[in-house]
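Notebook open, model loaded. I wanted to look up the fold, the salt bridges and one surface patch.

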Amino acid sequence: MTLQAKAHMKARPFALNEVVLAEGPFKQAMELNRSYLLELQPDRLLARFREYAGLAPKAPQYEGWEAMSISGHTLGHYLSACSMMYASTGDDRFKEIVHYITDELDVCQEAHGDGYVSGIPGGKELFEEVSAGNIRSKGFDLNGAWAPLYTLHKLFAGLRDAYHLTGCDKALAVECKLADWLGGYFEADE
């Protein structure tokens, strides 16, 4: 006997392009966000990714968190924000930014040669230590790096949004290679 669920949907998800903001505080906030996102320089967010891949950065990195061991996570946020702004507004500048960043991440990933790509200082070495069972923490770090799995999570989320919201197939390819690389560090030896 087969049971079929009969649920009446009272709400359904909707795409970002199905919402049009009228004049008011929400529209104003979106326009401020659009302006801010266009002020940021992708090459500055990509600086450490290129550096750690053995490539010359095209611009100096941003200061603040991007100069600390949590560097790289901002790029993931930025990829998500630009992807969502493109999906919401259809402004092709954001799609171009997303595709440019994805192309650059692909170049960095190819330079590493093993699927890895990140802006985490000493990230590859950190995960090699963890994989070998050498795990240290003083609370909010892993082997001296501030939240490296969170940093990778933000990059994964940005690549996923780039794929789903801008149609960037390369973003999915970069994400899958990085996931395979990371998965290799968490597989149990048998």
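Below are my entries, in the order I made them.

**Ground rules.** I am working with a predicted model, where local features need pLDDT of at least 70 and side-chain atom pairs count only at pLDDT 80 or more, while totals for chains, interfaces and linings use all residues. Residues are numbered from 1 along each chain as its sequence is written, and side-chain values use heavy atoms, with hydrogens and water left out.

**Overall build.** I got eight helices and two strands for the protein chain, taking helices (H or I, at least four residues) and strands (E, at least two) as DSSP runs numbered from the N terminus. Reading from the N terminus, I noted the order α-α-α-α-α-α-β-β-α-α. The C-alpha trace spans about 60 × 50 × 35 Å along its principal axes.

I then looked at contacts (heavy atoms within 4.5 Å). Among those between residues at least 6 apart in sequence, 64% join residues at least 24 apart.

**Burial and surface.** Of the 190 residues, 42% count as buried. My cut-offs were under 20% relative accessible area for buried, over 50% for exposed, and partly exposed in between (1.4 Å probe, protein chains only). The chain exposes about 11100 Å², and carbon and sulfur atoms supply 56% of that; the areas come from the Shrake-Rupley method with a 1.4 Å probe, and for residues only the protein chains shown count as cover.

**Charges.** I counted Lys and Arg as positive and Asp and Glu as negative, without His or the chain ends, and placed each charge at NZ of Lys, CZ of Arg, CG of Asp or CD of Glu. The mean positions of the 18 positive and 27 negative charges are 6 Å apart.

**Salt bridges.** How many salt bridges does the rule give? I found 12, with a side-chain nitrogen of Lys or Arg within 4 Å of a carboxyl oxygen of Asp or Glu as the test.

I checked R34 with D91, whose closest N and O atoms are 3.0 Å apart. R34 sits in helix α1 and D91 in the loop between α4 (73–89) and α5, so this pair ties together parts 57 residues apart in sequence. R34 is buried at 16% relative accessible area, and D91 is buried at 12%.

Next was D106 with K170, at 3.9 Å between the closest N and O atoms. This pair also links distant parts of the chain, with D106 in helix α5 and K170 in helix α8 (residues 169–186), 64 residues apart. D106 is buried at 17%, whereas K170 is partly exposed at 34%.

I also looked at D161 with R160, where the closest N and O atoms are 3.4 Å apart. D161 is buried at 10%, but R160 is partly exposed at 39%. Shared partners join E31, R34, D91 and R93 into one salt-bridge network.

**Q109.** Is Q109 buried or exposed? I have Q109 as buried, at 2% relative accessibility, and its place is in helix α5 (residues 92–112). Leaving aside neighbours within four places in sequence, Q109 contacts D114, G115, Y116, V117, V174, K177 and L178.

**Nonpolar patch.** Which residues make the nonpolar surface patch? I listed F14, V19, L21 and F26, covering about 420 Å². Patch members need over 30% relative accessible area and no salt bridge; nonpolar side chains (Val, Leu, Ile, Met, Phe, Trp, Tyr) are joined within 5 Å, like charges within 9 Å. L21 is partly exposed at 31% and lies in the segment before α1 (25–39).
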